[in-house]
Amino acid sequence: MRRAGLLATIVVVGVAGVAGQRARIPPTGTIKHVKDNLYVIPGAGGNTTVFVTASGVVLVDTKLANNGEAILNQVRTVTDKPVSMIINTHSHPDHIGSNDYFPASVEKVTHENTRKWMAANPRVASNAAVMPTKTFSDTMTLGREKDRIDLYYFGAGHTNGDAFVVFPSVRAMAAGDIFAWKMAPLIDPMAGGSVLALPDTLEKAIKGIKNVDIVIEGHGDVNTWSGLREYTQFNRALLDAAKAGMGKRTAEEIAADLRPKFPVFTKDELLTDLEYGGTPMSRAVINVNVAFQELGHKP
Ligand SMILES: [Zn+2]
């Protein structure tokens, strides 16, 4: 998908959507308890993960623009502590959009490639309050003991700046959009995303990250480690099938073959709160086509 089209898909709010349907992105939702001092706020773009530490509140992703006050109102229902840090899982506007609502003193942390994509977008880069103040390349640890957060990067997938954010004390992780909506991820090639790299990246995450039970998806539900494992197998199977079928079978036929083994990721229903988007099956077909394109460009 071309950059303009992709961003339009992400930021579309209350305007005519695909096939004349009225696009509907739900507003910032009610904060949900995940475990101990970990919470998630759905709606208005990506999930916002809330981790309450001794020194302040850490937010992972800040939704579309103009949702800062709504996010803070939800945080205020569980703690009076100030927001002390923002971690952005990647560079898309529905995950960084309300960074600038929070004071400039709040540390903002991303993968180095995410910073690069943000700096390359004049609308983002001109707003210093959105930009990262700290970056990492492979791994980084923030805080200690009960408040410890481990950041990991394993390669390209949804973009080439997808951070995995792990909270060891509660055995939980925020995965960003490399795992969202329980369907194959949207691949953003203009931000370094790659369906060829995706299974490697997910398999490295499964191998390299230990002691996580709870996985908060970039959009949609709170999932489990075994859910992430099955999703990794699905994305590997999709790529293997695309390689085997390229030039012989259609993307629709290839995706349909995956259904008996992976029914969750190949449903035909539109998901709740994703009425503006496609079905899991339509995304699988898109990703087979993306694989054809990437394979065709190989030397
Ligand atoms: Zn995204």
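# A walk from helix α9 to the zinc site

Helix α9 is mostly covered, with 12 of its 17 residues buried. The model shown here is a predicted one. The buried residues of α9 are Pro280, Met281, Arg283, Ala284, Val285, Asn287, Val288, Val290, Ala291, Phe292, Glu294 and Leu295. Among the elements that cover them are α7 and α8. The length of α9 can be checked. At 1.5 Å a residue, its 17 residues should span 24 Å, and the end C-alpha atoms are 24 Å apart, which agrees.

Step back to the whole chain. The protein chain has 9 helices and 13 strands. It counts 299 residues, and 56% of them are buried. Take the contacts in the chain with a separation of 6 or more. Residues 24 or more positions apart account for 60% of these.

Now look at the interior. In soluble globular proteins, nonpolar side chains tend to be buried together. Here the largest nonpolar core holds 41 residues. Phe164, Met173, Ile209, Val215, Trp225, Leu228 and Phe234 touch the most other members. The elements giving two or more residues to this core are β10, β11, α6, α7, α8 and α9.

Follow α7 next. At 1.5 Å a residue, its 21 residues should span 30 Å; the end C-alpha atoms are 30 Å apart, so the two values agree. Just after α7 comes Gly247, with a positive phi of about 85°.

Turn to the metal. The zinc ion has four protein donors: His90 through NE2, His92 through ND1, His158 through NE2 and Asp177 through OD. They lie 2.2 to 2.3 Å from the ion. The angles among the 4 donor atoms run from 83 to 170°, and the site is irregular. Along the chain, the donors follow the spacing H-x1-H-x65-H-x18-D. His158 sits in the loop between β9 (149-152) and β10 (164-167), while Asp177 sits in the loop between β11 (172-176) and α6 (198-208), so this pair ties together parts that are 19 residues apart in sequence. His158 is buried, with a relative accessible area of 3%. Asp177 is buried too, at 6%.

Stay in the loop between β9 and β10, which also holds Asp162. Asp162 has a relative accessible area of 3%, so it counts as buried. A polar atom of the Asp162 side chain lies 2.9 Å from the backbone nitrogen of His158. The Asp162 side chain also makes a polar contact of 2.7 Å with the side chain of Thr159. Outside four places in sequence, Asp162 is in contact with Thr89, His90, Tyr152, Tyr153, Gly157 and Ile178. One of these contacts, His90, is also a zinc donor.

Asn113 reaches toward that stretch of chain from elsewhere. It lies in helix α4, residues 112-120. Asn113 is buried, with a relative accessible area of 16%. A polar atom of its side chain lies 2.7 Å from the backbone oxygen of Asn160. Not counting residues up to four places away, Asn113 touches Tyr153, Asn160 and Gly161.

Asn99 is in the loop between α3 (93-96) and β6 (107-111). At 0% relative accessibility, Asn99 is buried. Its side chain and that of Thr62 are joined by a polar contact of 2.7 Å. Beyond four places in sequence, Asn99 is in contact with Thr62, Ile86, Asn88, Lys108, Met118, Ala129 and Val130. Lys63 is 36 residues from Asn99 along the chain, and their C-alpha atoms are separated by 8.5 Å.

Terms used. Residues numbered from 1 in each chain as written. Predicted model: local features only at pLDDT ≥ 70, side-chain atom pairs only at ≥ 80, totals over all residues. Heavy atoms only, no water. Donors = N, O, S within 2.8 Å, 3.2 Å for Na, K, Ca; no water. Tetrahedral: all angles 85-135°; square planar, octahedral: opposite > 155°, others 65-115°. Helix = DSSP H or I, 4+ residues; strand = E, 2+ residues; numbered from the N terminus. Buried < 20%, exposed > 50% of the residue type's maximum accessible area, 1.4 Å probe, protein only. Core = buried A, V, L, I, M, F, W, Y, C linked by side-chain atoms within 4.5 Å. Expected span 1.5 Å × (residues − 1). Polar contact = N/O pair within 3.5 Å; in protein donor to acceptor, adjacent residues only side chain to side chain. Contact = heavy atoms within 4.5 Å.
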